[in-house]
Amino acid sequence: MTTATRSSALVPTEEQELLRRSVREFASARFDIAQLRAYRDGEASVEAPLCYSRAHWREMAELGWTGILFPEEYGGLGLGHAELGVVLEELGRRLLPQPLLSTVLLAGSAILRGGSEAQKQAVLPGICAGELVLALAFQEQGRFAPWQVAMRATRVADGYRLAGEKRFVLDGHDADQLLVLARTAGKPGARDGLTLFLLDPQTPGVECVRTSLLDVRNAARIRFADVKVSMSQVVGAVDRAALILDPVFDGAAAGLSAELVGVLSEAFERTLAYLKIRRQFGALIGSFQALKHRAADMFCERELAVSMTLAALRALDAGRADAPALASAAKARTSDVANLIGREAIQMFGGIGMTDEEEIGFFMKRARAAETTLGDGAYHRDRFATLNGF
Amino acid sequence: MNNKTALDNFRTDIARWLEECYPAVLRPLDVESGMQPEAVVPETIRNAERRWHRLRAEQGWLAPTWPREYGGAGLDRDQARVLAQELRRVGVRPPPISAGLSLLGPVLLQRGTPEQKLRHLPGIARDEVMWCQGYSEPGAGSDLASLTTRAVPDGDHFVVDGHKLWTSHADKAHWMFCLVRTDPEAPQHEGISFLLIDMKSPGISVAPIRLISGPSAFCQTFFDQVRVPKENLLGQLGEGWTIAKQLLQYERQALGSIGRGDLGRAQTLPELAKQELGSEGVRIADPVLRAQVAQCELDSLALRLTMNRSADEAGAGRGGDHIASMLKLYGSALTNRRHELMMTLLGADGLGWEGPGFSDAALRITRQWLRAKGNAIEGGTNEIQRNVIAKRILGLPE
């Protein structure tokens with residue numbers, strides 16, 4: 001009965017509301033946008049290259065949040081995407097960067113789904129304890145196209161040799177372990193013939209360059225020059241990585257949607273607040289109908305994005321057949337709405353919105369980065385259509 | 001006996017009753033065949049539907065939560081939910097839209113005198129008395145409060161003179177609930193009162209309105225020295241605007257759900273696209289129009305989920321009825337977008353007006369495209385809905 005209620009009703013449970021309050025308190029006590037600016041400008045020496053705080057990561061682990069998705073046997077809480085979504089949304093409101101997407105939703109989930117018992121034991125307890133950060137290295141080109149993988153894994157006597165280059169590896173340059181997608185058969189674009197490998201970034205032949213993104217997060221470019229890996233580093237079945245990654249990308253898309261809900265909600269609320277204090281022509285600009293109507297449209301779009309995201313998170317937790325389509329629907333919608341609100345926010349703030357001193361610009365930048373990550377609106381609308389048979 | 005057991009028993013009782021009483025001939029009806037035009041529905045089915053509608057009304061199941069003395073079934077919210085689930089499970093067709101049931105009823109229940117409730121509610125609940133709404137006037141559309149239809153006191157009556165527009169079904173209705181100006185000197189919003197008017201009263205005349213989409217249920221209604229007993233005033237003198245606003249929220253809820261009603265009917269949008277554009281495998285062949293279909297389908301899903309969320313929030317005792325403005329705004333805009341896209345898909349096949357040479361489906365889409373324009377106008381234009389959202393929900397300054 002409890003499970004049924006949790007998985008279907010599109011309202012947060014009491015427990016989820018309590019969790020929301022804790023995350024909100026945590027985020028506002030630990031972080032503000034001044035810190036983001038400092039990361040970017042290299043002022044906070046220890047954390048600047050990282051663009052997030054490992055101390056916060058450990059604190060979040062103590063609170064159980066890094067282990068929300070993982071079973072208790074690995075030190076996790078055994079909860080669901082709905083709960084992790086609450087955490088991501090609240091971090092999104094504060095623009096607080098943490099490696100939840102890279103470590104938990106991408107690499108960690110892939111190992112939970114496809115890894116051997118030894119591999120799970122090697123990483124999952126470490127994630128739950130806040131000791132490990134992982135990255136999933138899969139992307140090679142600008143637009144998200146998960147099976148467009150050219151990087152080769154060539155079979156040799158006692159394992160494989162990896163050769164190729166990965167880009168946009170979220171939190172890749174400081175990850176403790178890399179999960180790498182490479183082609184063991186077939187041509188770029190084919191779902192089949194892909195295999196996952198778990199390796200230490202210190203392995204000879206791995207060259208990692210940190211790249212800075214406009215939202216003050218890091219993503220690495222990683223070159224693999226004939227990197228030797230053993231058979232025990234293969235995660236899941238050879239040539240069949242797409243089967244592991246399909247649901248992983250769904251979960252990650254829904255989780256990122258939840259973060260986007262936080263980002264776009266905060267941006268919308270800040271814009272509304274500005275409309276209520278900014279005076280021009282002797283009147284509050286929020287009294288102008290040209291702005292009121294656009295604010296009303298943004299409100300509608302936001303509400304629809306919230307509903308879609310809640311539905312996707314619950315469908316994933318219930319293991320429903322329509323979960324992939326809902327995850328795509330949520331990512332498409334939140335991407336589009338975050339972009340809409342981002343550009344409207346800048347326009348409504350006017351000149352001050354163009355300055356680095358005003359914080360609203362950081363929300364628009366994060367919205368754009370999160371939109372592009374794991375597929376934008378166009379990608380997910382196309383996938384939604386395909387999954388719905390047209 | 002705990003609440004859950006009681007509810008389970010209640011469910012069993014309803015299921016048993018439906019098993020016994022729901023006409024067998026209606027059972028195989030699914031959503032699609034339910035949408036067949038009236039003319040091709042065999043007479044037996046129509047009779048059965050009429051019989052069933054009557055039976056349902058007698059059970060008080062048109063207004064399940066109203067007290068029994070007013071023709072309802074006296075159910076609490078949980079029971080009403082169980083009833084709705086059971087009716088849906090059997091696939092019972094929804095009752096025809098009734099202004100009395102969905103608009104006036106809730107307001108009467110809240111504000112009517114005991115005499116007014118006893119007199120009017122049972123007729124509404126049994127769907128025996130048909131009501132129409134007298135709000136808009138030629139000079140009072142979006143600016144409804146500028147209405148000029150006057151009601152002048154004369155002994156124990158009001159004398160009503162004026163001209164109402166968009167009075168749906170006024171040619172068939174037995175009664176009208178009507179906004180009239182009772183105090184021309186008072187500030188605009190305070191001089192309005194809410195009258196219940198018997199349509200048989202001498203001095204009332206009704207003319208139908210033809211729309212861009214063809215014949216419609218809309219009428220205009222003329223009042224020439226119409227005498228209305230003072231006991232037919234709902235609420236206090238001058239309270240009409242407050243009551244009207246409350247009732248408008250119910251109307252927006254009803255209109256907002258129209259967008260949802262269109263889904264699942266007859267042919268879906270992707271099916272129409274495949275039929276008109278061809279397909280490659282299962283994909284719609286034209287990639288540009290396919291993207292537009294996907295956007296429309298995705299937005300429909302988002303609207304449906306938001307309606308579900310709104311219901312879930314109400315069930316959890318959260319949220320408010322102001323959400324109706326949002327659903328109405330987005331729903332009617334989306335309905336328009338869908339129909340624009342359907343017209344694009346049809347191309348010249350969508351240009352037919354009537355007669356041979358065009359399929360019934362195409363002719364229907366064309367008329368629906370035209371009629372859908374009105375969805376964004378009636379019940380408060382979408383511009384008015386945006387004003388309401390900006391003021392009531394977002395708290396933006398005047």
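Domain bounds here come from an automatic or database domain assignment. On that basis, chain A splits into domain 1 (2-133), domain 2 (135-240) and domain 3 (242-387). The C-alpha centres of domain 1 of chain A and domain 2 of chain A lie 23 Å apart.

The model is predicted: local features need pLDDT of at least 70, side-chain atom pairs count only at pLDDT 80 or more, and totals for chains, interfaces and linings use all residues. Residues are numbered from 1 along each chain as its sequence is written, while chains are lettered from A and ligands numbered from 1 in the order in which they are written.

**Domain 1 against domain 2 in chain A**

- The contact takes 21 residues from domain 1 of chain A and 17 residues from domain 2 of chain A (contact: C-beta atoms, placed from the backbone, within 7 Å).
- On the domain 1 side, α3 (33-41), α6 (100-114) and α7 (117-128) of chain A each give two or more residues (helices are DSSP runs of H or I, at least four residues, numbered from the N terminus).
- The largest share of that side, eight residues, belongs to α6(A).
- By class, the domain 1 side has 15 nonpolar, five polar and one charged residues (nonpolar: Ala, Val, Leu, Ile, Met, Phe, Trp, Tyr, Cys and Pro; charged: Asp, Glu, Lys and Arg; polar: the others, Gly among them).

**Chain A against chain B**

- Here 31 residues of chain A are in contact with 36 residues of chain B.
- Four helices of chain A, α8 (241-275), α9 (289-317), α10 (323-349) and α12 (377-387), each supply at least two residues of the chain A side.
- The largest share of this side, twelve residues, comes from α9(A).
- The chain A side holds 19 nonpolar, six polar and six charged residues.

Methods. Two residues are in contact if their C-beta atoms, placed from the backbone, lie within 7 Å.
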